[in-house]
Amino acid sequence: MKVLISEKRIAERIKSLAQEVRADYKDEVPIFIGILKGSFIFMADLVREYRAECELDFMAVASYGAGKSGTGVIRMVKDIGANIRKRHVLVVEDIIDTGLTSNYIRQYLALRQPKSIEFVALLDKHKARKIDINIKYTGFKIPTNFVVGYGLDYGERYRQLPYVAICDD
Ligand code: IMP
Ligand code: MG
């Protein structure tokens, strides 16, 4: 296990991401939708740096398989409770890899006719993309190595690490 992004770098980046997002939503009250489980720490830190009014909700999706690569077959595990019709939605993701999960989420949420849907992802493995998807806010562009920590798991382990590390297990 090798540290890729330290706790300090993550904190600094989230602070500026939160400012950028806040400036864009100005007087609106956006709904942040965290994608469980991977985004739980990022979501908690992002909203505490947001320093303006917002609402929160969560949804969970799963890609079949528990190893290092998903199958691309995505299913809903937990739906949102909020009514997002005519609201500004910001989807909060831990990592964008192939983009298939985010693409599914965007299509699913779009059916409920929000005013806007944007994505913020802490990590972006842009070279692994299989589908073109617009991620408005990105924390860090990273190589395609499998990473863990700061919410991300390998077989449900390592989510609690306060930094992002490369997992060679
Ligand atoms: P995508 O559909 O390929 O973009 O994959 C998105 C999901 O796969 C993320 O939300 C993660 O749950 C998982 N994932 C992709 N890459 C990694 C990684 O390097 N570490 C841990 N989870 C990952
Ligand atoms: Mg996972």
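Valine 3 lies in strand β1, which covers residues 2–5. The model described here is predicted. Valine 3 counts as partly exposed because its relative accessibility is 44%. Strand β1 belongs to an open sheet of 3 strands, and another open sheet is formed by 6 strands. The points below take these sheets in turn, then a helix, a pocket and some backbone details.

- Not counting residues up to four places away in sequence, valine 3 touches Tyr163, Val164 and Ala165.
- Valine 3 and glycine 149 are 146 residues apart in sequence, and their C-alpha atoms are 9.4 Å apart in space.
- The strand order of this open sheet is β1-β9-β8, with antiparallel pairing.
- Its edge strands are β1 and β8 (147–148), and each of them pairs on one side only.
- Strand β9 (residues 164–166) is joined to β8 by 2 bridges, and the two run antiparallel.
- Valine 148 has alanine 165 in β9 as its bridge partner.

**The sheet of 6 strands**

- The order in this open sheet is β4-β3-β2-β5-β6-β7, and the pairing is mixed.
- The edges are taken by β4 (74–78) and β7; each has a single partner strand, so one side of each is left without a neighbour in the sheet.
- On average, neighbouring strands of this sheet are turned by 25° against each other, direction ignored.
- Strands β5 and β6 run parallel and are joined by 8 bridges.
- One of the pairings in this region is that of isoleucine 96, whose bridge partner in β6 is aspartate 124.
- Strand β6 (residues 116–124) also runs parallel to β7, with 4 bridges between them.
- Valine 120 stands opposite tyrosine 137 in β7.
- Strand β7 (residues 137–141) is mostly covered, with 4 of its 5 residues buried.
- In a regular strand the side chains alternate between the two faces of the sheet.

**Histidine 88**

- Histidine 88 is part of strand β5, which spans residues 88–96.
- This histidine 88 counts as buried because its relative accessibility is 16%, and the cut-off for buried is under 20%.
- Its side chain makes a polar contact of 2.6 Å with the side chain of serine 116.
- Leaving aside neighbours within four places in sequence, histidine 88 is in contact with Tyr25, Glu28, Pro30, Ile31, Lys115 and Ser116.

**Helix α2**

- Helix α2 (residues 40–50) lies across β2 (31–36), β3 (55–63), β5 and β6.
- The helix runs at about 160° to β2.
- Ile41, Phe42, Met43, Leu46, Val47 and Tyr50 are the buried residues of α2.
- These buried residues pack against α1, β2, β3, β5 and β6.
- An α-helix has 3.6 residues a turn, so residues three or four places apart point the same way.

- The volume of the second largest pocket is about 180 Å³.
- Its lining is made up of 13 residues, of which Ile10, Ala11, Ile14, Asp45 and Tyr150 lie nearest the centre.
- The elements that give two or more residues to this lining are α1 (7–25) and α2.
- The largest share of the lining, 5 residues, comes from α1.

**Backbone details in the loops**

- Most residues other than glycine have a negative phi, and most peptide bonds are trans.
- Leucine 36 and lysine 37 are joined by a cis peptide bond, with omega about -5°.
- Lysine 37 lies in the loop between β2 and α2.
- Lysine 86 is a residue other than glycine with a positive phi, near 65°.
- The loop between β4 and β5 holds lysine 86, which is exposed, with a relative accessible area of 55%.
- Glutamate 156 is not a glycine, yet it has a positive phi of about 75°.
- The loop that contains glutamate 156 is the one between β8 and β9.
- Glutamate 156 counts as partly exposed because its relative accessibility is 46%.

Definitions and conventions: Residues numbered from 1 in each chain as written. Chains lettered and ligands numbered in written order. Predicted model: local features only at pLDDT ≥ 70, side-chain atom pairs only at ≥ 80, totals over all residues. Heavy atoms only, no water. Buried < 20%, exposed > 50% of the residue type's maximum accessible area, 1.4 Å probe, protein only. Polar contact = N/O pair within 3.5 Å; in protein donor to acceptor, adjacent residues only side chain to side chain. Contact = heavy atoms within 4.5 Å. Pairing = 2+ DSSP bridges. Axes fitted to C-alpha atoms, helices over the stretch in contact; angles between N-to-C directions. 1 Å grid on protein atoms, 1.4 Å probe; cavity = no way out; pocket = protein on both sides within 12 Å on 5 of 7 lines; lining within 4 Å. Points joined across faces, edges and corners; volume = space filled by probe spheres on them.
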